[in-house]
Amino acid sequence: MKTLGIIGGGQLGRMLALSAIPLGVRCRFLVPKDDAALLDFGARYSQLDVAEINDFTHGLDAATTEIETIDPRIFTQVMQHAALWPTPAALDLKRDRRREREHLTALGLPQPKWSQAGIHADLPAACAQVGFPCRVKAASGGYDGRGQWKVNSAADIAAIPAEAAPYTVEAEIDFRGEFSLVAVRGADGDIRFWTPSLNVHRDGILVRTEPDVNGTVSRDEVAEGERCLRTLMQSLDYRGVLAVEFFRTGAGILINEFAPRVHNSGHWTIEGAVTSQFENHVRAVLGLPLGSTALRAPVITWNVLGFWPDRQALLAMDGLAVHDYGKAERAGRKIGHVTLTNPDAAAIASLESLLG
Ligand SMILES: Nc1ncnc2c1ncn2[C@@H]1O[C@H](COP(=O)(O)OP(=O)(O)O)[C@@H](O)[C@H]1O
Ligand SMILES: [Mg+2]
């Protein structure tokens, strides 16, 4: 029996654990927040001190993380006793959007025109360099659309908080649609892709995602996207699941960002693919053979934001899988997701009205 260490206490760690158990893999958790979705598993809030981390790593076969933004010294310390995937080099790029963009630039991968500003006073020049409209993003700490400001003209810059510095500035893309590619790279360098995910965001937060069963994303776009992921994974000596979010434009695809972990746009793979992103991440990290990423059935996933709709009504729907992360309800917060298998128009309409 193998033992996997999971750093982070949210829904991603929880779903990793749920997929690891049937493989006979025991999970141990390092949970840095006390509102964690993993508390249901008996995981305890950790102070992340040296003694606790040593306890955590004792006898692990490998460790992984669902969060990039914690103190990097924790990763360094874990690595002294256990193999950690992805490596700190990959995690490090996500601590600062400027480093992420610089890395993509160095690899020559397609992305929106961008610049950076160290302090608020640098924003007018950085925005002018990119052109209007543009989007200013806090280099660190943003997620689910937080820490971003659309800038239509120089007059909008004053409203951006100075304490959010440093920033990236990027062209505002008038996209046809958003999609992501989720892939897994195994210990032997084997890379497998799931069907592309079509993503719909509202106010910067993912609300709906589904495998592209109708070929909305063209073959050329998929081929270019896969090239981006291969290049990125190889550059990072990557192991595990990695996701890249893309914009589809009239002039080709552009990388919005990547995530060195399992990703919200891959949640549909639990019901919709032969092997889920979570199971394949566990397999990759432990050096086990990868499972098939083939599509099993058409599915659609919706995030549950803020508050649960009537659960009786949800559970009464045929073919609907409910994933409750065990988190407290709070306006705008991602507290779960639901996935509908073999969706038809009537079921989609009634579900979307239930979810609001
Ligand atoms: N440059 C851009 N042009 C147009 N829309 C954007 C741009 N950057 C972000 N967005 C929109 O905001 C969403 C969230 O932005 P993203 O950079 O992915 O932040 P987060 O880290 O919060 O996911 C994107 O999925 C997209 O819908
Ligand atoms: Mg994003």
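**Helix on helix**

For the record, axes are lines fitted to C-alpha atoms, for helices over the stretch in contact, and angles run from 0 to 180 degrees between N-to-C directions. Helices (H or I, at least four residues) and strands (E, at least two) are DSSP runs, numbered from the N terminus.

Before going on, two housekeeping notes. This is a predicted model, so I keep in mind that local features need pLDDT of at least 70 and side-chain atom pairs count only at pLDDT 80 or more, while totals for chains, interfaces and linings use all residues. Residues are numbered from 1 along each chain as its sequence is written, chains are lettered from A and ligands numbered from 1 in the order in which they are written, and side-chain values use heavy atoms, with hydrogens and water left out.

Which residues make the contact between α1 and α9? I found L12, M15, L16, S19 and A20 on the α1 side, and F278, E279, H281 and V282 on the α9 side; contact means heavy atoms within 4.5 Å. Sorted by class, I get six nonpolar, two polar and one charged. The classes: Ala, Val, Leu, Ile, Met, Phe, Trp, Tyr, Cys and Pro are nonpolar, Asp, Glu, Lys and Arg charged, and the others, Gly among them, polar.

Next I looked up α5 against helix α7 (residues 219-235): the angle is about 110 degrees and the axes are 11 Å apart. That makes α5 roughly perpendicular to α7. H103, L104 and L107 of α5 meet T231, L232 and S235 of α7. The residues of this contact split into three nonpolar, three polar and no charged.

**The parallel sheet**

I then traced an open sheet of three strands, in the order β2-β1-β3, with parallel pairing. Two strands pair if DSSP finds at least two bridges between them. β2 (25-30) and β3 (62-65) are the edges with a single partner strand each, so one side of each has no neighbour in the sheet. On average, neighbouring strands here are turned by 25 degrees against each other, direction ignored.

How many bridges join β1 to β3? I count four, with β1 covering residues 2-7. One pair I noted down: I7 has T65 in β3 as its bridge partner.

Both helices from my opening entry turn up again here. Helix α1 (residues 11-20) lies across β1, β2 and β3, at about 165 degrees to β2. Helix α9 (residues 277-285) also packs on the sheet, touching β1, β2 and β3, and its direction makes about 140 degrees with that of β3.

**The antiparallel sheet**

Another open sheet has four strands in the order β4-β7-β5-β6, and the pairing is antiparallel. β4 (114-117) and β6 (148-151) are its edge strands, each pairing on one side only. Neighbouring strands of this sheet are turned by 25 degrees on average, direction ignored.

Strand β5 (residues 134-138) pairs with β6 over four bridges in the antiparallel sense. V136 has W149 of β6 as its bridge partner. α5 shows up here too: α5 lies across β4, β5, β6 and β7, running at about 145 degrees to β4.

Method first: on a 1 Å grid over the protein atoms alone, a cavity is a set of points where a 1.4 Å probe fits but cannot get out, and a pocket is an open set with protein on both sides within 12 Å along at least five of seven lines; lining residues have an atom within 4 Å of a point.

Of its 16 lining residues, R202, V207, N303, L355 and G356 are the closest to the centre. β14 gives the most to the lining, with four residues. I logged 10 nonpolar, two polar and four charged residues there.

Notes
Parallel < 35°, antiparallel > 145°, perpendicular 65-115°, else oblique.
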